[in-house]
Structure formats: structure tokens, C-alpha cells
Amino acid sequence: MPTKPSKRVTIRDVAKVAGVSVTTVSHALNGKGRMEAETIQRVREAAERLGYQASHAARNLRGGRTGRIAVINSQSSPHQVSLVDLEHFVRLLAGASELAVERGYTPVLTLPHLKGGAGLPVDGVIIVDPIKDEPLLGALQLSGTPVVTTGRDPNRREMDERWVDNDLYQATLDMLAHLTAQGAKRVAVIASSSIYSYSEDAVRAYKDWCAQRSETPMIGEVQGPLSENGAYQEALALLESPTRPDALHCVTDRYAFGVLLAAQAMGLRVPEDLMISAGTDGDAAANNTPSITAMQLNPESIGREAVDLLIDLIERRPESRSRVVPYVLQARDSTRR
């Protein structure tokens with residue numbers, strides 16, 4: 001544990017304890033220059049032992065930085081929702097904001113400044129749920145602005161991108177296995193447009209699962225805004241078909257509420273006649289009657305990891321890599337037969 005200093009510890013104090021120059025301390029703590037890992041570790045241990053904290057304002061001034069990180073959603077998304085409209089995104093923002101402040105950066109919910117357009121100068125940008133061929137991602141990369149996405153641009157999978165995400169392909173397979181273990185015979189999926197990686201991953205997993213079982217996929221794709229109404233309409237069409245499914249998996253909990261309304265309109269009991277599950281979780285899903293089985297994707301961790309990765313890029317740490325956040329399947333009343 002670091003000792004509480006009786007006076008302000010300076011960078012010279014750290015240099016003296018570590019047995020290196022002031023310049024070496026500065027480079028080791030800010031990820032600059034080339035030096036041996038042992039030297040970096042010795043400097044960081046000395047700084048922690050002394051309780052040294054660099055001035056974030058001074059660090060940003062020396063580096064020509066603003067100290068600001070933008071967190072925004074895709075400006076081309078057809079979902080037509082604000083980041084603060086959905087619990088998953090609110091929790092992601094909370095995690096991102098918390099770590100940004102801890103690391104000496106100010107999170108802002110605004111468009112970044114790009115050549116030829118208005119905006120606030122920022123050091124880096126987090127794009128939440130980029131769409132396929134995300135135009136903002138390309139513009140930021142051309143401007144040299146560090147950028148991290150939560151979720152991925154489906155058409156950039158093989159490129160050297162930086163992203164934070166869950167393994168939603170495997171999560172979908174886990175949910176399908178749960179539904180069949182509960183007795184489901186015919187499982188259908190309510191998805192968003194394939195321009196989103198989270199929906200594409202879920203649909204790809206579902207189609208692979210159907211192929212392995214020699215079954216025909218039953219998919220309802222909601223177009224336009226992310227709403228219960230779109231899922232309601234798609235669910236009605238599936239539930240009125242001759243091969244009515246006895247389980248519906250939705251890529252978001254908002255869609256699951258629309259499916260629940262469709263089941264109630266048709267007089268179907270949940271879970272006896274129809275099991276319902278969701279690919280995202282929240283308080284509404286947990287507290288609903290019946291409660292909705294859902295994937296807890298740990299959005300706070302996604303936000304924190306995205307900020308941590310972005311700061312690595314801003315401060316030019318070469319070891320930065322894309323990151324996968326674990327998930328948990330929360331089994332609840334909507335699938336308990």
C-alpha cells in the first residue's frame with residue numbers, strides 16, 4: 001500500500017528512489033520512449049511507494065492534449081435512440097465516466113471536432129455500437145484521432161481495430177442451449193438489422209445452431225427504431241405461422257418486452273406456451289412479471305475497459321489490444337418450465 005506523504009512528492013523524489021533520471025521517470029509513467037520493462041517496473045513501484053501523483057493538467061499540457069474523451073453513439077444508426085435512453089448504455093457510460101475521471105480525463109457526450117465541421121477538441125473517442133462501414137470511424141482514423149468502439153463494425157473484423165465487446169456468438173449458443181434444456185422444440189430469434197455486430201453475431205450463431213440440428217431458421221428482423229413495437233409486430237408474424245415457435249430469443253431486452261406483449265395479445269402463457277429470453281439485461285427485465293431470462297453483459301466493465309484501452313492509445317502504449325468482457329446467463333421465470 002502506498003504511504004501517505006507528509007508533503008507533496010515530486011518527480012525528483014521518485015527519480016532518486018528509483019535510481020534513474022527525471023526524464024526516465026516521466027517517460028516510464030507516461031508510456032513514452034523505449035526502455036527496459038524492469039526499469040519501468042522499478043519506477044512505477046517507487047512512485048506507488050511514495051504516493052506520487054502526477055498533475056493531470058500538467059501532463060496534458062506537456063502532451064498537447066485536451067484531457068477530454070468523447071463517448072458517442074453512431075450518428076448513422078437507424079435505432080434513433082440516445083445513449084441515455086437505454087439502461088445498458090447508461091451503465092456503460094457510468095463505467096466509462098468513472099474510470100476516465102480516475103485516470104485524469106473528462107468524459108463528454110458530444111461530437112468530436114473534425115476538419116470541416118463543428119465539434120469539441122478531444123484526445124480520443126469511444127463509439128458505442130458502430131454500424132457496418134461506420135462513417136465516423138473512418139473520419140476519425142483519417143484525422144489521426146485515437147478511437148475505440150464498444151461492439152464492432154461488422155465489415156472491419158479483419159482490420160487492426162481496437163474494440164471492447166462480449167463474445168455474443170458464444171453467448172447466443174449458451175442461451176439456445178438453455179432454452180432447449182428447458183424443453184424448447186422450436187426456437188425463433190428476433191433480431192436487429194445486420195448492420196450491427198451484436199445482431200449479426202447472434203443471428204450467425206443461431207443459423208449455425210439450426211444447421212447442426214438440420215432445422216430451418218425462423219428469424220424476425222426489426223427495422224428502424226429500437227422499440228417494443230417493432231418486436232411486437234415481428235413476434236405476431238412468427239407466432240401466427242403454421243410452425244409456431246415455443247421459444248423466442250431476442251437480441252435486446254426491449255425486444256423481449258414487445259414479444260411478451262404479443263404473447264399476451266394471443267393468449268399465450270409464459271413460459272408454459274412460449275419461453276422468452278433476451279441478449280441484454282437490466283432492472284426492468286429482472287423485476288418484470290414474469291421476470292425475463294437474459295444475458296448480463298457487464299456494461300460497466302465494457303465502459304471501463306473501453307476507456308482504459310483508449311487511454312492506452314492516447315498515451316501510445318504499444319501493448320494495447322482489443323478486449324472481450326465476460327457475460328453471465330441470468331435464468332429467470334420466462335424460461336422456467
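The structure is a predicted model, in which local features need pLDDT of at least 70 and side-chain atom pairs count only at pLDDT 80 or more, while totals for chains, interfaces and linings use all residues. Residues are numbered from 1 along each chain as its sequence is written, and side-chain values use heavy atoms, with hydrogens and water left out.

| Residue | Relative accessible area |
|---|---|
| Serine 193 | 14% |
| Cysteine 210 | 1% |
| Cysteine 250 | 0% |

Serine 193 lies in the loop that joins strand 6 (187–191) to helix 8 (197–212); helices (H or I, at least four residues) and strands (E, at least two) are DSSP runs, numbered from the N terminus. Beyond its neighbours within four places in sequence, serine 193 is in contact (heavy atoms within 4.5 Å) with Ser199, Glu221 and Val222.

The whole structure holds 1 cavity of 30 Å³ or more, a cavity being a set of points on a 1 Å grid over the protein atoms alone where a 1.4 Å probe fits but cannot get out. Among the 11 residues that line the largest cavity, Leu137, Thr149, Asp153, Glu161 and Trp163 are the closest to its centre. Helix 6 (135–143) and strand 4 (147–150) are the elements that each give two or more residues to this lining.

Note on methods: Buried means under 20% relative accessible area, exposed over 50%, partly exposed in between (1.4 Å probe, protein chains only). On a 1 Å grid over the protein atoms alone, a cavity is a set of points where a 1.4 Å probe fits but cannot get out, and a pocket is an open set with protein on both sides within 12 Å along at least five of seven lines; lining residues have an atom within 4 Å of a point. Grid points are joined across faces, edges and corners, and a volume is the space filled by probe spheres set on the points.
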